[in-house]
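Subject: Structure handover

Hello,

Here is the structure I promised to pass on. Please open it alongside these notes.

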Amino acid sequence: MQLRSLVLSSLIASSASAATTSLVSEAGQESKPWSLSVSAGISETPVKRSSSDYYRSFSSSLTAGYKLDLPATSWLSSPSVSLSISMEDEMDYEDGESNLGNADLALSGIGYQINDRLSLSIPVSIGLPTNKEATVYSSYRGRIGVGPALSLKLPVTNLSASLSTSLNYFFYEFETSKAGFYNPLASFTFGSSLSYSLAKASFWLSVSNTTAHMSDGSRSTDSYRVGFGSSYSWSSRLSSSLSWSQRDRTFGYDGISPNINFKYADLSLISMSMSYSI
């Protein structure tokens, strides 16, 4: 169940980020200051339904964006703010828990064009405590994060690569949850990705590692996430995506030996989604 929670939170965050990017693009094309995007998808583990490891969920997200009317500078280009909220629900299972995730308020458009091929972006985000379970059980009160990323256009046409980092600081009323576990104080994620774009389709491959530091000063076990997928734009408003992802401990229980493997299907998720923007 802990792995399920980690994977879903990662997927939802990724979906919200992708929706935000789509929003800004749509807004720029139609010269509207505002934009709205809705996405919905299904994820499941590639194992037999009779298996105790089988898991299937439905998730959706709503993202509203607004393009700020600010003068362009070398470090500020087409800035926009967006508010994203998502929900997820395990299908065929009633747990009585809140399906609404924590909302995210993001600012994009901060960055620097280093040269024709290399650019730096520095999005900033704030997490809002809208998930009942997180606020009541863990006393979650919010999050602030920054995600510097370098994007490089490779010599091969339509092929690009990126290196990204994500720094997050969390706010809790208490150091521990109701179960007595220490809450995370901060997290650091380092990732890289490779993407290839065509007229209407795109393909991507990504890998990342996350480290969390707890409120008692200890460091949690690193976790990795690897994934690949594709997306297709049916129109300027409608798009769909198909992806595979896996997340698990980066190191073994000794904290030294690598634990990255692809032998266990129950650690993977196959996801399909549709997005619509106005």
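This is a predicted model: local features need pLDDT of at least 70, side-chain atom pairs count only at pLDDT 80 or more; totals for chains, interfaces and linings use all residues.

Residues are numbered from 1 along each chain as its sequence is written, and side-chain values use heavy atoms, with hydrogens and water left out.

Start with Phe188. It sits in strand 10, residues 184-197 (strands are DSSP runs of E, at least two residues, numbered from the N terminus). Phe188 is partly exposed because its relative accessible area is 35% (buried is under 20%, exposed over 50%, partly exposed in between, with a 1.4 Å probe and protein chains only). Beyond its neighbours within four places in sequence, Phe188 contacts Thr165, Ser166, Leu167, Asn209, Thr210 and Thr211 (contact means heavy atoms within 4.5 Å). Its C-alpha atom is 9.9 Å from that of Asp222, 34 residues away along the chain.

Now Ser39. It belongs to strand 1, residues 34-44. Ser39 counts as buried because its relative accessible area is 9%. The Ser39 side chain makes a polar contact with the Ser61 side chain, at 2.6 Å (a pair of N or O atoms within 3.5 Å; within protein, one must be able to donate a hydrogen and the other to accept it, and residues adjacent in sequence count only if both atoms are side-chain atoms). Leaving out residues up to four places away in sequence, Ser39 touches Ser59, Ser60, Ser61, Met274 and Ser275.

Best wishes

Terms used: Helices (H or I, at least four residues) and strands (E, at least two) are DSSP runs, numbered from the N terminus.
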